[in-house]
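We will go stop by stop, with something to select at each one.

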Amino acid sequence: MSAAGFRKQLARWGVVAKIGFPVNPHMLRHACGYALANRGMDTRSLQAYLGHASIQHTVRYTEMAPTRFKGIWG
C-alpha cells in the first residue's frame with residue numbers, strides 16, 4: 001500500500017468511526033507519544049523513539065500525562 005493509499009484509508013476509517021474531524025497518520029504518532037508517556041517512558045527515551053532533535057518537542061507528551069503522577073503520595 002502506498003503512503004497516499006494509507007492516508008485515504010485512514011481518513012475513511014475516521015469517517016466510518018464517526019470521529020467528527022479529519023483523521024491523518026500524524027495523529028497516530030501523537031497518540032503513540034502520549035500512550036508511551038502515560039505508561040511511564042522517560043522523556044529522553046521517548047525523544048529517541050520519536051526521533052525528535054530537540055527535547056522541547058518531546059516535553060509536550062510528558063507534561064500532558066497526569067496519570068504519571070497517580071499513586072506518588074500513597
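In which helix is T58 found? T58 is found in helix α4; here helices are DSSP runs (H or I, at least four residues; strands are E runs of at least two), numbered from the N terminus.

**Before you zoom in**

This is a predicted model, in which local features need pLDDT of at least 70 and side-chain atom pairs count only at pLDDT 80 or more, while totals for chains, interfaces and linings use all residues. Residues are numbered from 1 along each chain as its sequence is written, and side-chain values use heavy atoms, with hydrogens and water left out.

Colour by pLDDT, the predictor's confidence in each residue on a scale from 0 to 100. The protein chain averages 88, and 89% of the residues score at least 70. Among the elements, α1 has the highest mean pLDDT (95) and α4 the lowest (86).

**Stop 1: T58**

Select T58 and show its side chain. Is T58 buried or exposed? T58 has 0% relative accessibility and therefore counts as buried (buried means under 20% relative accessible area, exposed over 50%, partly exposed in between, with a 1.4 Å probe and protein chains only).

Leaving aside residues up to four places away in sequence, T58 touches T43, L46, Q47 and H52, where contact means heavy atoms within 4.5 Å.

**Stop 2: the rest of α4**

Look next at the N-terminal end of α4, which S54 caps: a side-chain oxygen lies 3.1 Å from the backbone nitrogen of Q56.

**Stop 3: α3**

Select residues 43-50, helix α3, where L46, Q47 and L50 are buried. Down the axis of α3, the buried residues fall within an arc of 105 degrees, so they line one face of the helix. The face turned away from that buried side carries the exposed residues R44, A48 and Y49.

Pick out Q47, which is buried with a relative accessible area of 10%. Q47 touches H52, A53, S54, I55 and T58, again not counting residues up to four places away in sequence.

Both ends of α3 deserve a click. D42 caps the N-terminal end, with a side-chain oxygen 3.3 Å from the backbone nitrogen of R44. After α3 comes G51, whose phi is positive, near 75 degrees.

**Stop 4**

At the start of α2, a side-chain oxygen of N24 reaches to within 3.0 Å of the backbone nitrogen of H26; following α2 is G40, with a positive phi near 100 degrees.

Which residues make up the largest nonpolar core? Show L36, A37, L46, L50 and Y61, five residues in all. A nonpolar core is a set of buried Ala, Val, Leu, Ile, Met, Phe, Trp, Tyr and Cys residues joined through side-chain atoms within 4.5 Å. Within this core, α2 and α3 each supply at least two residues. Centre on L46, which touches G33, L36, A37, M41, T58, Y61 and T62, not counting residues up to four places away in sequence.

**Last stop: K18**

Finally, select K18 in the loop between α1 (3-16) and α2. K18 is exposed, with a relative accessible area of 75%. Check its backbone too: K18 has a positive phi of about 55 degrees although it is not a glycine.

Technical notes
Arc of directions from axis to C-beta. Polar contact = N/O pair within 3.5 Å; in protein donor to acceptor, adjacent residues only side chain to side chain.
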